[in-house]
Amino acid sequence: MGILNAQDYQRMHHNAVLVDTHNDILMKVVDLGLDFDSDLRGTAHSDLSRMLEGGIDVQVFSIYCDGDVLDPFALANREMDSLDAAVSRNPDKIVKVGSYDEIMKAIDGKKMAALFGVEGGHMIEDNLDKLSALYQRGARYLTLTHNISPSWVSSAMDETLNPEMPEKGLTDFGKQVIRKMNSLGMLIDVSHLGDHAFWEVITLSSKPIFASHSSVYSLVPHRRNLKDDQIKAIAKNGGVIQVNFHPGFIDSSFEAKERVFLERHAVEMDSLLRSGLSEFYVMDTLYRTYSEEIQDMRPPLSMLIQHIEYIINLVGVDYVGLGSDFDGINLTPQLLEDVTSYPMITKALIEKGYSEADISKILGGNFLRVLKANESKNGDQK
Ligand SMILES: [Zn+2]
């Protein structure tokens, strides 16, 4: 400690391997007809050149569609197509990878490594062949549920808000999905999962599991965050928690502030909703329209750092990383304007006194360890 000073943060940031495990830009690309490799400033948090500027070495692109769309597997493939097209146009900047060794090769070649994480078990349409097909296309994790549960596993939303939910946890088919993922070496993502399902999954999995974009329940009691016993269990299992930047998950005063803002703009919100825009894009529009007004609602960066430190203090520095949720969230913490802002996190960690080795683990080393452990035959848990 004390060896690093904050002036070194840019050098250190760009020397470290930076991994982000949750970015929703491909959802926006497909929904709004954008190109990921064009300049999307003012429209999105992310585009290819800003990701490179932010020092991202490995990006897991989230593949997401609503739980109630008719053809989720086809939509997932369209999102994958959109990234594949951008990769083929920019072979000198970005490369698709499927393994730890390919990631290391990409980094050596000074290219960003891209892989997919499928956010929601509904996209496999109750079919293990479709799960394998998504894996073949580069999906290296499956978030078992989004908010709406598939038929075979229960989400945090259904377990907490839907007392009618007939079956909590994993069905027999759900258990087959877990075994299939373990045998493929595909990471099990427990973000969005209900507590009941969480404990069944972590008991059944033969490989380390992870949370691609969740924060700490003890700091912000939101159903999307992880409780202390879950964090301890993930650490014991050799997994990792990738903290989410969403203000509502890192700042317990955010939801009240957001309610006030939305009440103030209720008329406009209603008319946007009636125009057919989904709630996510309505909020995106309102926050962009009233960008001055919302500045005070954004939590300070220090609140995100508190979530990282909480996990470190509870279980050690080997079990925490970054799962930003950029472009899946409408607002970001102060100083984290977009994907170019990652160096601010490195700077904050240096200021807290963490060593270069520890910061490298947080920025990406921990996740890469979990990815590699999932590739090995027996899970190689520690
Ligand atoms: Zn999510």
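Two residues are in contact if their C-beta atoms, placed from the backbone, lie within 7 Å. This criterion applies to the contacts in every legend below. The model is predicted: local features need pLDDT of at least 70, side-chain atom pairs count only at pLDDT 80 or more, and totals for chains, interfaces and linings use all residues. Residue numbers start from 1 along each chain as its sequence is written.

**Figure 1. Surroundings of V201.** Leaving aside residues up to four places away in sequence, V201 touches L144, L170, I178, I188, V190, L193 and I209. V201 is also listed, with I63, A114, A139, I188 and I241, among the residues with the most contacts inside the largest nonpolar core.

**Figure 2. The largest nonpolar core.** A nonpolar core is a set of buried Ala, Val, Leu, Ile, Met, Phe, Trp, Tyr and Cys residues joined through C-beta atoms within 7 Å. A residue is buried if 20 or more other C-beta atoms lie within 10 Å of its own, exposed if 12 or fewer, and partly exposed in between. The largest such core has 98 residues. Its largest share, seven residues, comes from helix α17 (residues 356-375). Of the 382 residues of the protein, 48% count as buried.

**Figure 3. E200 in helix α9.** Helices (H or I, at least four residues) and strands (E, at least two) are DSSP runs, numbered from the N terminus. E200 lies in helix α9, which comprises residues 195-204. E200 is buried because 20 other C-beta atoms lie within 10 Å. Beyond residues up to four places away in sequence, E200 touches G169 and L170. E200 and G169 are 31 residues apart in sequence, yet their C-alpha atoms are 6.5 Å apart in space.

**Figure 4. The boundary between domain 1 and domain 2.** The domain assignment, whose bounds come from an automatic or database source, gives domain 1 (6-247 + 300-375) and domain 2 (252-298). Seven residues of domain 1 are in contact with eight residues of domain 2. On the side of domain 1 that touches domain 2, four residues are nonpolar, three are polar and none is charged. Here Ala, Val, Leu, Ile, Met, Phe, Trp, Tyr, Cys and Pro count as nonpolar, Asp, Glu, Lys and Arg as charged, and the others, Gly among them, as polar. The centres of the two domains, taken over C-alpha atoms, are separated by 26 Å.
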